Structures are given as C-alpha cells and as structure tokens.
Protein chains: 2
Amino acid sequence: MSDVLSQYKGCSVRDLPTPNFVINEEKFDKNCTTMLNNVEKLSQECGVPIKFRAHVKTHKTAKGTLKQLGHGLPLAKRTTRAILVSTLKEAEELLNYQDRQCSDYIDDITYSLPCCVPEFIPLLSNLSRRVNNFQVFVDNIEHLENLKNFGRPASGKKWSVFIKVDMGTKRAGLAFDSPEFLSLLKKLTSSEIKEVIEPYGFYAHAGHSYSSTSINDTQNLLMEEVKAVNSAAKVLCSVDPQFDPSKLTLSVGATPTSNSLKLDNKSTLVKFITTQLVSTLEIHCGNYCMYDLQQVATGCVQDHELSGFVLGTVLSSYPSRGELLSNTGVMCLTREASSIKGFGICADLEHVLKSESFSREWYVARVSQEHGILRPIRNWNETTPLKLGSKIAVLPQHACITMGQFPYYFVVNSEGIVNDVWLPFQKW
Amino acid sequence: MSDVLSQYKGCSVRDLPTPNFVINEEKFDKNCTTMLNNVEKLSQECGVPIKFRAHVKTHKTAKGTLKQLGHGLPLAKRTTRAILVSTLKEAEELLNYQDRQCSDYIDDITYSLPCCVPEFIPLLSNLSRRVNNFQVFVDNIEHLENLKNFGRPASGKKWSVFIKVDMGTKRAGLAFDSPEFLSLLKKLTSSEIKEVIEPYGFYAHAGHSYSSTSINDTQNLLMEEVKAVNSAAKVLCSVDPQFDPSKLTLSVGATPTSNSLKLDNKSTLVKFITTQLVSTLEIHCGNYCMYDLQQVATGCVQDHELSGFVLGTVLSSYPSRGELLSNTGVMCLTREASSIKGFGICADLEHVLKSESFSREWYVARVSQEHGILRPIRNWNETTPLKLGSKIAVLPQHACITMGQFPYYFVVNSEGIVNDVWLPFQKW
C-alpha cells in the first residue's frame, strides 16, 4: 500500500483515481483540537480532573489516533493516553506501531465489545500484557464466571472491567435499576470473583443520541448518561459498602452528547459533577474527528466541519429521468442513512476543501454494488449540471462504516494536495 | 493471507475464529452446475446456441470463477469462457491469475459499469490488449464521443460496445423506445464512429426482479428482458438497414430471472427465441453461485441452497429484553435488506453444512459497527436458547455486499472441514 503514497504524494485530489476516500487534515486536526479543549474546559469549570478516551474505530489509523490523543496539535490544551477500540485488531496494530516507534503514546486501552466468552478470553489475556491499563466490558454474570474460570490474565493483575450500563439504546449493557444489574454487581463483589476481577468503572453510551435534532437534545442525553453511570456506582456502593467509589471511572459519551460540551451554558452538568458525582468522569467518543451526515442531522455539526469524503466520478446522465450515474455505489458509501435523504450528499470539491459552507445540490438517491444514482436536491432545471467525467465529493452518512470500505485514505491539505496516505487497521 | 490456509486447513468450521465468512464448496458447485445445465437445457430446447456469461462480482475469486465457468464440475454439461466484472480490479487480477497459470479459461470480459469518460478510457484500452474479447458499456452519446476522441483501443481492434438497455430498473441504460436511445444508435451507426466503435450487442438487467415473490414473476421478467433487447436490436436495424443483427449478442439476466430457467414449462420463451429473436441470446448472472436471503425472498430459492454464511459468536444475553448480543455487526453483515426481516437469519451450523432444510429460530434485528442484536423469530420462551460462546451461522441478506466485508473466505466441505481459503480481488 505504501507505494500509493510514493505514487500520489504532492498530487492534487482533482487528479486522484476514483472511487477513493479523502481526509482533509486541517479539518481533522481542528475537530480533534476542539474536542480535547472542550473536555479541558469542562474540567476547569468543574475544578476536577475529567478524563478523555478517544475511540479509534472511525478511521482506525495510527496517525489519526495520535492526533486524537493530542499530538501534533499546537492549539490543543491537553493530551490523553487512553483509547477505546471496537476490535482487538485495532489494539494489536496500534501497539505494534507504538512498539516499533519505541513510543508510549497509548497506555490505556478499553475494548468496547462485551466478549468474555472462552473463545476470546485468551486473546484478551494476551493483550493485557502489552499495555499498563486494559479494560474489558462485562454485562452478564457468565462473563464473570468465564473470567474467574480462566484465572488472572497474562499481565498477572486482576481483570479490570467496565460494567456496561444500558441507558436506553438497547444495544449492550444492563439498566442500572434492573434486577440483572443488581445480581451482576453482587456477583462482582463476591469473594471468589474479587480475587480475579476488579471493577474499573461504569460505561454508558447514548447511541440513541444519534436521533437527536438539536444540541440541547444531546446535552440532555449527556446529562442522562452521567446520571446513569453515577447511579450505577451508587448501586455498587449499596452492594459493597466497603467499596470506595472514588477510584472508579464513570465513562460517558457518544459524539452527539460529547458535542454538547461546545455549549457555554453547562451549569446543570457542572453542578452535578461538582456536587453529586461519586467518581471520576471520563468522556469518550470517536466519530467527532471525521463527522458525517448522521452528525449533521443531530443539529450539532455543519456540513463544512466534515473532514472526509468519498471522491467519485460522474459517468453518465439520464435527463429524461433527471438522474446521473456515478461510481459511488454501495461498496463505497454503504447503505447507512440518517434523516438527511439518500446515501450521501455530493458537494463541490473546491468548497469542501476550503472551510466554506456550500449549497447542497445533488444527493446519492439509490445505490447498487458499484452504481450510485444521483438526483438533484431541487429540481433538475434549477440545478447546476454536473458534466460527465467531473469529480464529485460525496459526504458520507456514517463515516465509521463508509471508511471501512476503503483500504487506505488520501490525506490532503486545504489546497487539495496529497500530503500523506493513512492505512487503517481493519477487519478482525 | 496464504498463511490463513496453512493455519486452518483441515480445521473444523466449529473451531474457526469469528467473525469470518464460510463457503460450503459442495453447495457452491451444485449451484454453478445447475445454472450451466439450465442454460444448456434451454439451448437444446430451442435448438440454437445460447451463450452464458458468469458475473464474478459476488465472490471475486479465481477459484470461484473457474467453477462458474464449468471447470472441476463433473456434472456440468457445458462450460463458458465469458465473464462479467463490476470493477477493473476483478478483470486485471483474474487475468493475472490466468497468465501465471498459463491457462486461458477466460477469453471474453465485459465491464458492467458505463464509464467511457476520459479518466477511465485509457484503463479500458490497456485491458483490451489482455483478452481476445472485451466489451465496454455505453448508454450516452458522450461515451461514443469520448471513445472516438481517444481513438482505437490498445488492442488495435475497434471498441466493442454493449449498449445498456433500461427495462424498468432505472439504474444505468436507456429505454429502447426512448428518443435518447434512438439518437444514441444514430450516433453509433454514423461513419465517424463506425471507424472506431462497433456494437457487440444489447444488455438488459432486470434489477427490479429482486422484488419478485414467485418464480413465475421472475419468468415473466426474463421474458421482458429478452423482448427489450430484441426490440433494441430492431431499432438498430431500423437506423442502419445494412446492419446484420445476427452477429449481435443480446445479453439478459439477473439471478432471479435466470433462476426461472429451472421451470420445465418455458414454452413462451422457447417460442420467442426460435421465432422472433434476431440475434444470439446470452444469459448472464452472478449471485446464483452463493444465493442469499434476497434470492430466497424472490420465491426461487430455499434457505438450504445458500452456499455461504457469516460465522459469528453469541457474546451476551438480555432475557428481560428477549435479545442476545453477537459479534456480527454492520461491519460483517452490512445493512442490506429484503422482505425477510432483519440483517441475517441465524441458522444451526450443523444443518447449514448439510443440505437439510432448517427452522429459522433467530434473526439479526439490529446492527451497529461491531454489535449484532439477535431476536427470536417466534417468542423467547418457544425458542431454543443459544448459549453464550456458541457459534452461529448467519445467512446474509445480500451475499455480493456482505462478502465484500471479508478479506478471505474459508471453503469447507459438508462435514465443515476447511479445504481451502479463497482470496477475493476486492476494491478498485
């Protein structure tokens, strides 16, 4: 893959083959800096340390991760050494990169899929040796049984577990006020388990915040996340009165809820953190470095903040149907959706590179394997035509999934010149 | 990747890591043999040669392609040397494989995306040198202009073009009775174009046949495809009375419509072919070697004919919600859908390997990046529970897209023993 960089470094994005995925490095940096500084600002407003854990699953690259951690960002007011991964592959490859660089940017990894079953526990155990802090997710009593039966991990320390709290998304996790949650914590605090496993904290992710339509919605959901993990910590204290909750980490976040930290008025949140929180707060999120239409649909992000797009080419036109054909089919864009119509918005390449807002003219209305059918957002006659052979920048609905379709990413500056090629650590 | 084969050859599918994609070779072979023999049977019933062109886009592998061409299938009554590709990468890599094998299984390639624009024409030209017969798609006058401006391709022959006919799918192509179609053919038969480009034939693909619900529906749509390309050939003859239509190829097909060749009663089709067809008929399709739930939903295929599945693991359970968690999220299954609910049907691994029909118990109701939420098809209490850590075979909604998510495929026999690992020629 590295020959791609030697072949295209210094080229203009306008001359790249299509389809390809392009990252605007300046926008990526700005998004990373803003999130780090928003968390730092909250910490200062509360007068307490607030951790930040960067989820790497959107781009899955070494260089993108370093930026999320705060490296190479002159305007970032803090850094972090904690990441979240959606696959073991991401963790293993980032640690390989770090080892070869003889650096230690990362010293804290959380794997965000509850998978403490016999097939995966040995792999989790091996990973525990390679980083100082490693947390696994638990949301079922059998997970604790399986870990206990396996014994301590290869690091020799106890298993450090995040208990996943479901606060409405109904994905993984248990509601903190459910009987299952109570029996899970009773098991967690039993002597047989305590010898092998210790709670690292509680983790909530308001996945349903993706259907918010305003930043106030997402702020309310952030509040709900914080209250849920705080209540979860209190349940643990009720089950084990000797337990000191202050050593716990209460991790909350999703890009939409973390985005609400932009708001100046965070008084309710600050008050809760400073008067009610029983443990240390951690904010986690990942999509924010890229953003996408799903994020724009939450009302917290503008089109021009998106730092990535699919580069495609217009191949044919069908005036009688008012449609165009591009080579941005489902294999490029995937079938992710949001309240914004279609499978991607076609933006003018020059506008997308600059941070100018731009008018939405065309969208990808239908996709099959390699065909993308474009339709005008207004009607055909009011829309600037796109010539056959012209390049289009398609803003994706869900960057985390669309980026999974590309084996590498061209990284360009705001002039559209290729500076770098990032290789993602994909698959399993 | 080849180390995957050396690591797992001879292993049981029950011991493979997850998530992974598994192909049952016996079912794959059976599906390929059946399609080749159905086309041969039609040819014999009509007493005329009928071509078959295998679309390789579902699996994109060398060994899968050889089977589609009829090699290594003792019960196949014919072979073919013609393929259809959805990307140039598929064509280039299959030709690389063939060159290294010093074989010539393939001597006829059609690229199924109309992309005769300046960016791609030089690539098409280079490919024309590597195979005796190479056809490109045209459905716009500008395509003819662009080819003419480029001049003859590197093979030195004329460009050989399939004109894409839209018969209702509204993807690529023009309706044969549209003014645009007429002016395209007038251009095609103009002297300036004739020097550089010659028509190879007309191509129709009833994409909308995927929403059929019975094999009779799909038979009717096959009839419509044949009539549409035949009418298109007649339009060409009306535009250029000297043109001899018998040298044209009229290519029709989609897996649903091609599946209707299974029916014994094909009298209407046979009669049309023998009395009305002005050129040689070609059947093309690709999904049939794998099949998937979209095909089952057309009423032409049974669950147990599917030759591939995603292998996953049950990770957690939430009895209060009546749901389970698996590691088959959208990155594995994609968000393809059909009239069959959800993003995949979880089948019993042992039944899927044998050709027994099996009861549908669980389905993948929701997916996020790496999480698959399973729900019972009937209610929780009537359903055989799935233990944490147990392996599941998830039948995909759309094999062409789901297989694109995996870097390789484990190929097993009906006992579930890994015989081979196939590497797909993915991306662009």
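In chain A of this predicted model, 76% of the contacts between residues at least 6 apart in sequence join residues at least 24 apart, where contact means heavy atoms within 4.5 Å. Residues are numbered from 1 along each chain as its sequence is written, while chains are lettered from A and ligands numbered from 1 in the order in which they are written. Because the model is predicted, local features need pLDDT of at least 70 and side-chain atom pairs count only at pLDDT 80 or more, whereas totals for chains, interfaces and linings use all residues; side-chain values use heavy atoms, with hydrogens and water left out.

## Chain A as a whole

The C-alpha trace of chain A spans about 70 × 45 × 40 Å along its principal axes. A compact globule of 428 residues would have a radius of gyration near 22 Å, and the 23 Å of chain A agrees with this; the radius is taken over C-alpha atoms, and the globule rule is 2.2 Å times the number of residues to the power 0.38.

Of the 428 residues in chain A, 65% are buried, a word that here means under 20% relative accessible area, with exposed meaning over 50% and partly exposed lying in between (1.4 Å probe, protein chains only). The accessible surface of chain A comes to about 14,800 Å², and 51% of that surface belongs to carbon and sulfur atoms; such areas come from the Shrake-Rupley method with a 1.4 Å probe, and for residues only the protein chains shown count as cover. Chain A carries 45 positive and 44 negative side chains, and the centres of the two sets lie 1 Å apart. In that count Lys and Arg are positive and Asp and Glu negative, while His and the chain ends are not counted, and the place of a charge is NZ of Lys, CZ of Arg, CG of Asp or CD of Glu.

## Annotated residues

The UniProt record annotates A:Lys57 as "modified residue: N6-(pyridoxal phosphate)lysine". For "binding site", UniProt lists A:Tyr203, A:Tyr210, A:Thr255, A:Gly286 and A:Asn287, and the annotation "binding site" also covers A:His398 and A:Cys400. UniProt positions are given in the numbering used here, feature names are shortened, and annotations may be inferred rather than shown by experiment.

A:Lys57 is placed in the loop between strand E2 (51–55) and helix H3 (62–68) of chain A, and A:Lys57 counts as buried because its relative accessible area is 17%. Leaving aside neighbours within four places in sequence, A:Lys57 is in contact with A:Ser86, A:Glu90, A:Cys400 and B:Gln369.

A:Cys400 belongs to helix H15 of chain A. A:His398 is found in the loop between strand E15 (391–396) and helix H15 (399–402), and A:Asn287, A:Asp292, A:Gln294 and A:Glu336 are its contacts beyond four places in sequence.

A:Asn287 lies in the loop between strand E9 (280–285) and helix H12 (293–297), and among its contacts are A:Tyr210, A:Thr255, A:His398 and A:Cys400. A:Thr255 lies in helix H10 (residues 255–259), and its contacts include A:Tyr210, A:Gly286 and A:Asn287.

| Residue | Relative accessibility | State |
|---|---|---|
| A:Thr255 | 2% | buried |
| A:Asn287 | 2% | buried |
| A:His398 | 11% | buried |
| A:Cys400 | 2% | buried |

B:Ser317 lies in strand E10 (residues 308–318) of chain B and is buried, with a relative accessible area of 16%. Not counting residues up to four places away in sequence, B:Ser317 touches A:Asn140, B:Glu323, B:Leu324 and B:Leu388.

B:Cys46 has its place in helix H2 (residues 25–46) of chain B and is buried at a relative accessible area of 8%. B:Cys46 and B:Ile273 are 227 residues apart in sequence, yet their C-alpha atoms are 6.9 Å apart in space.

B:Thr110 lies in strand E4 (residues 108–111) of chain B, and B:Thr110 is buried, with a relative accessible area of 0%. Among the residues it touches beyond four places in sequence are B:Arg53, B:Val85 and B:Phe162.

Definitions and conventions
Helices (H or I, at least four residues) and strands (E, at least two) are DSSP runs, numbered from the N terminus.
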